[in-house]
Amino acid sequence: MGANGSSYPHSCSPRIGGSSQPQQTFIGTSSYSQQGYGWESKLYSLEHGHERPADRKKKSLGLATLKRRFIKRRKSSRSADHARQMRELLSGWDVRDTNALVEEYEGTAALKELSFQASLARAEAPNLQRDLAALYQHKYCTDVDLIFHGTCFPAHRAVLAVRCPFFKTLLTSAPGYGAEVLMDVDTAGIDVSMFSALLQYLYTGEFGAVEDSRLQNVDVLVQLSEEFGTPNSLEADMKGLFDHMCYYDALLSFSSDSEMVEGSPEEDLRAHKAVLSARSPFFRNLLQRRIRTGEEMTERTLHTPTRIVLDESIIPRKYVQVILHCMYTDVVELGLVLRGSPSTGSLGEVQALVSGGRGASTRTEEAMELYHIALFLEFSMLAQATGVELTAPCYMPCAL
């Protein structure tokens, strides 16, 4: 059944019963009448409404005027005369000040472009996940051997304990460096390749390219999670390892460059040789050299942590917490820099003397010194992060 023109509320000539009506202006709706099979109009006269025609006209004119004002304001803001504004700003300036501002703008633009090009040319720094994958592959500084189906898996006690509740409970019954732990896994069907994939998951948070389709089986994964426990994210667990330093096997000690006298044991900082080796080639070579000379074997026999003595003239103690935090979390937190008097014989002391006895360094100075330390340690993630810290504030001229 079709609808005629009177069914729409804006029809100006409704027809009822076929007779024509004079054209009148109404606002309303139409409803269907069952008795006459026609349309029964519900009309609302403008005279009895809430808004009179004159008021509506004034309102529409007011809205149009307001709209034109907004459009005009938007156009004026888009076409702002920046040259005129700059002339008004510099009208009272000296010529030398104006030249200095121009040079600063040019230097800032060049620095921004240089930083951008350097970022494109620079190789991406290996992150925590990538370094821990290399650690599992190359077996640096392992301190426990897992025996599974006659195969030995050298591993790191601290990583396994912080990542997996099953290993945390298991390793408490096998203390000491180089302990051999026989693995008894209740989940059926796990072979050597699957066990290796599970260990790689604990180190990296990913199974990687595993050819065994059984790891894609949901039932197997559920059984493994029930037996081994479900670990947190890699970042959260490594942050917890940094905070609590369970199973630490290294102590970072500090000495003066003039007398090479070691500090007190209370000032030593705890760390894990596995993390130091994974993140810094400098520490890795140092620890590998100790293994070749037999010092590592002596420390394992005596169950004592490895003491690494750092020269404060090269690596000030106040920055070591920042360095360690970045090694465990990939985050540079300059708030961990030890405040107060600069370290003995450190670069901070020299800067304090040059600046007329000012002991407190600025954030930029701390980032600059930390950047050079990262280059010395070959810790590329820390170097790139501090490089961003140094270049980011330079993009806005300080004159404005």
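**View 1. T142 sits in the loop between α4 (128–138) and β3 (144–148).** Helices (H or I, at least four residues) and strands (E, at least two) are DSSP runs, numbered from the N terminus. This is a predicted model: local features need pLDDT of at least 70, side-chain atom pairs count only at pLDDT 80 or more, and totals for chains, interfaces and linings use all residues. Residues are numbered from 1 along each chain as its sequence is written, and side-chain values use heavy atoms, with hydrogens and water left out. T142 counts as buried because its relative accessibility is 14%. Buried means under 20% relative accessible area, exposed over 50%, and partly exposed in between (1.4 Å probe, protein chains only). Neighbours within four places in sequence aside, T142 is in contact with P154, A155, H156 and R300. A contact here means heavy atoms within 4.5 Å.

View 2. At 27% relative accessibility, K139 is partly exposed. E378 lies in the loop between α15 (363–377) and α16 (380–391). The phi of E378 is also positive, about 60 degrees, and E378 is not a glycine. With a relative accessible area of 45%, E378 is partly exposed. Most residues other than glycine have a negative phi.

**View 3. Strand β6 (residues 250–255) pairs with β8 in the parallel sense.** The pairing runs over 6 bridges. Two strands pair if DSSP finds at least two bridges between them. L252 stands opposite I308 in β8. S253 has V309 of β8 as its bridge partner. Strand β7 (residues 269–271) runs antiparallel to β6, joined by 3 bridges. On that side L252 stands opposite L269.

**View 4. Both faces of β6 are covered.** A250, L252 and F254 are buried on one side. L251, S253 and S255 are buried on the other. In total, 6 of the 6 residues of β6 are buried.

**View 5. Side chains alternate along strand β8 (residues 306–311).** T306, I308 and L310 point to one face and are buried.

**View 6. M86, L89 and W93 make a nonpolar surface patch of about 250 Å².** Patches are made of residues with over 30% relative accessible area and no salt bridge; like charges are joined within 9 Å, nonpolar side chains (Val, Leu, Ile, Met, Phe, Trp, Tyr) within 5 Å. A salt bridge is a side-chain nitrogen of Lys or Arg within 4 Å of a carboxyl oxygen of Asp or Glu. W93 lies in the loop between α2 (82–90) and α3 (95–121). At 31% relative accessibility, W93 counts as partly exposed. Accessible areas come from the Shrake-Rupley method with a 1.4 Å probe; for residues, only the protein chains shown count as cover.

**View 7. The mean pLDDT of the chain is 74.** pLDDT is the predictor's confidence in each residue, from 0 to 100. A value of 70 or more is reached by 64% of residues. Over residues 1–49 the pLDDT is below 50, and this stretch has 42 contacts beyond near neighbours in sequence. Residues 393–400 also stay under 50. The chain holds 16 helices and 8 strands.
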